[in-house]
Amino acid sequence: MGLLSRETWTQRLGAFRASPSTFMAAPEGEDLGRDLLSDLRSEKLSEQTKVSLLALTLEYPAQLWPDAPTAEAAATSLLDTLLLLPPRPSALRRPLLLAATTALVAGGALGPASAASHRLLPLLLGLASGGDLGRGFGPSSEQRPLQATACECLRELESCKPGLLGGCLGLLRGLLGQEGPVAPVQPLSLLLALALRNTLVIQARARAGLQGLLTVRAFAAGGGPWNWALAQEGDAHLQPQAPSWSAAEEECGLSALEPSPEEARELRATVAQLLDTSYLLTPVAQAQLLWLLGWGLRGLRGQPPVLFKPQLVRLLGTAQLTLLHAVLALKMAFGEALFTAQDEALLLRRLTLAAQHPALPLPAHLFYLHCLLSFPENCPLGPAGEEAAPLLLEPQLCRGLLPSLLHDPMALLARLHLLCLLCAEEEEEKEEKGQGQSLRHYLEELLAGLRQRAALNGSPRTLATLCFQASYLVAHCLAGQPALLTPLTHGLAQLYRSRPALTPHFVDLLDRVGPELGESLRVVLQQEVVSRPGENEALRWHLQMLAKVADRDAQSATLSFLQAAAAHCTDWGLQQALLQVCRALLRAGVGEGLADLLQTLAKQLDDPDGRDHARLYYILLGHLSGPKLGVALGPSFAAPALASSLVAENQDFATVLMVQEAPAPIRLSVGPQRVDGPDPVLQLQVEVLEPVYSLELRFRVEGQLCAPLGAVHVPCLCPGRPARPLLLPLQPRRPAPTQLDIRALYTKSTGLTCYAHLPPLPVKFADLFLPFPQPPDGARLSFFEELWDSCLPKGTESRLWCPLGPQGLEGLVSRHLEPFVVVAQPPISYHIAIRLPPDSKLLLRLEAAQADGVPVILRTDDWAVLPLVGSYLRGLSTAG
């Protein structure tokens, strides 16, 4: 395709961004990446348009360069474009560097075998070092932005290949320590910190020392500082920020690293150098630097955390949330080795007072509260993981953090969480007389207010949700305080009495709380239900609640309630709810009186489905003992579900309806080639290890070399029974080999629907061959010559040597090329015409065969197939 105008590119980019997958699956998506790389070198497009094209490569690299060869070619082209830029100022240099880096990383081409990687790494390191790389890299005004971009690109490469820059530590140290404007401090500091942390982790895992990596600044000619061997050891993706310090320590195992005294001294100097310049970084960059260094040094022998002390003096008074978070992370990492009791008290006081600031935005307010609730103490009491208020947190300071009904729901829950922890501490210690009672009284009044708002008819659903969230939080935090849970239980019972429509919330709460609240709440709710029979909508909620809480307790009152409710159950929904309560009583072992109720329901219910259920329950009650009855009515995940209306009651019915992932009992292979028809067709041979029904095979072509393929359906396959070949038509967009990703959806003899991912099937170059229509016998030679002449001048001609095996030329042609022979003079000469879909052709002249091979003259109108043809012909002699 020729050069595209700015308007055309605007339309193409708009269509691509609207739906990248749809655009790439269409024919116009096939050449998008190639056209983009080509037009980046055009002088007719403005730099603004080219920057837009490069932005697309940064946003959608996986769609543009889906595999390693494509990504390698794209990175090479981008680097060539960068070197061809004129020496004047240009806005393309930095996007080109980023695009080349992104292509290698996203396409999986970064590695020691990649030529583009060996071009990009020295270029980035030279730019980061501030070296003179020639006139193609613009005036001096662009050098500092280019240096910063190069550092960011190197940091991206180090993140994707941990340990790659382990050999650059000494060089990066030297750049950071040089005087004058050598390189931007922030990107260089973050790059050095990341490379240092990765090297420490990898060397600790390998139980090796630093091996002088912190001091080497010169390298042998022809070599480079990048360490592919170290990167191979660090292939496990290391996150720059650990989700939890304890998990990070277990993963890293830094205590196994034993640096020599000289290495320990150099390491301390490197860390001190990074920390000394950290004040020049932005708050977010400073926080990331502290994360990286804290993770890298935690547990490392011979590295005292006192190195961070000068920074703490500066950061303890910070108002930046990111820096405060990093300080708390350091406190969790090093504890009392870095933070004194005075530091801990100061941090708690700062967090408490900051959280009470009236002008604080809600996210910042929640952040301070979360820090208080998860504060890493130096010497916490109690078992690990147990929630408790910090020991040095003074209750008087928290007076301004007590929750109120006027607060935002998220803030109210966070404040309530803190209040619960304070109440638990005061109840246990009772050090200040009366203080615990006042906090407890405040908590009870707050919960009563929440329940009062939730009980109002027509109140928003959010108020009810907030009330039950608060109740769960109190039950969770105060599970060991029965004196505090008793008022909560009675308050919830009163809430149900006022508004039975909140039954779904109660059911959810009972499923989540522990037995400390759940048992007492269940008993109270059962008493509330059986003492207040209702009609219509209230009866529906009562039955739903009773199905959850009913058991052997108060069975006479429960059965009396059900006898009275049966007269009001006139529709199908109410009858099913009534039967659910009967089912719950059956599982609980209630027998006396329940048989009479079931017999009555089997006669009186209007709906036949309800009568059948009642009759079934009556039969089960009369013929099965308690344990067997519980098994019969409980969920069963082993036996297949029965095909009746009763299946809806069984919990494993949902399992039967779901698609299960399972090992594939199916084997696919490619059969003999078919050459009839307008398009190539794959013959697939299928074998099964067990009976398979309603098989659906779904195919996806890797890359964009072929149009999407339709699914293939097979009604039934049995092992040992020959199956007909499956025909899969192909619609190639380019004559090139590819690979089919296959997924199978099928039904087993047990009735389960299963899903499996089958091994990929290769589509070879020869599988795409199609013959031309055969001309009359007398016109074969003229037909071939006409095709031969039509290839030029658009196409190309080439000559190569095709080795022959023991079968000779005639055997080779009859085995592999027989359908495509137009003119034959066996055994010395063959003229072969092959049609390559969608619209290409390949012509071969095999003449003057010798004992060990035959010279081949080929013509084609598609340059791209030349290497494929060469590989194909050279492999014929060894093919079976």
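The legends below describe close-up views of a predicted model.

**View 1. The largest cavity and the residues that line it.** A search of the whole structure finds three cavities of 30 Å³ or more, and the largest cavity, shown here, has a volume of about 70 Å³. Its lining includes Val701, Leu705, Cys706, Leu730 and Pro732, together with Arg734, Ala736, Thr738, Leu740, Val763 and Leu768.

**View 2. An open sheet of five strands.** The strands of this sheet follow the order E1-E8-E7-E4-E5, and their pairing is mixed. Strand E1 (660-661) and strand E5 (712-717) stand at the edges, where each has a single partner strand, so one side of each is left without a neighbour in the sheet.

**View 3. The pairing of strands E4 and E7 within the sheet.** Strand E4, which covers residues 692-701, and strand E7, which covers residues 738-747, pair in the antiparallel sense over seven bridges. Arg698 can be followed across this pairing to E7, where its bridge partner is Arg743. In general, the strands of a sheet pair through backbone hydrogen bonds, in either a parallel or an antiparallel manner.

**View 4. The packing of helices H9 and H11.** Helix H9 (residues 143-160) packs with helix H11 (residues 185-205) at an angle of about 20 degrees, and the axes of the two helices are 9 Å apart. Because angles under 35 degrees count as roughly parallel, H9 is described as roughly parallel to H11. The crossing of H9 and H11 is left-handed.

Terms used. Residues numbered from 1 in each chain as written. Predicted model: local features only at pLDDT ≥ 70, side-chain atom pairs only at ≥ 80, totals over all residues. Heavy atoms only, no water. 1 Å grid on protein atoms, 1.4 Å probe; cavity = no way out; pocket = protein on both sides within 12 Å on 5 of 7 lines; lining within 4 Å. Points joined across faces, edges and corners; volume = space filled by probe spheres on them. Pairing = 2+ DSSP bridges. Helix = DSSP H or I, 4+ residues; strand = E, 2+ residues; numbered from the N terminus. Axes fitted to C-alpha atoms, helices over the stretch in contact; angles between N-to-C directions. Parallel < 35°, antiparallel > 145°, perpendicular 65-115°, else oblique. Left-handed = near helix turned anticlockwise from the far one by under 90°.
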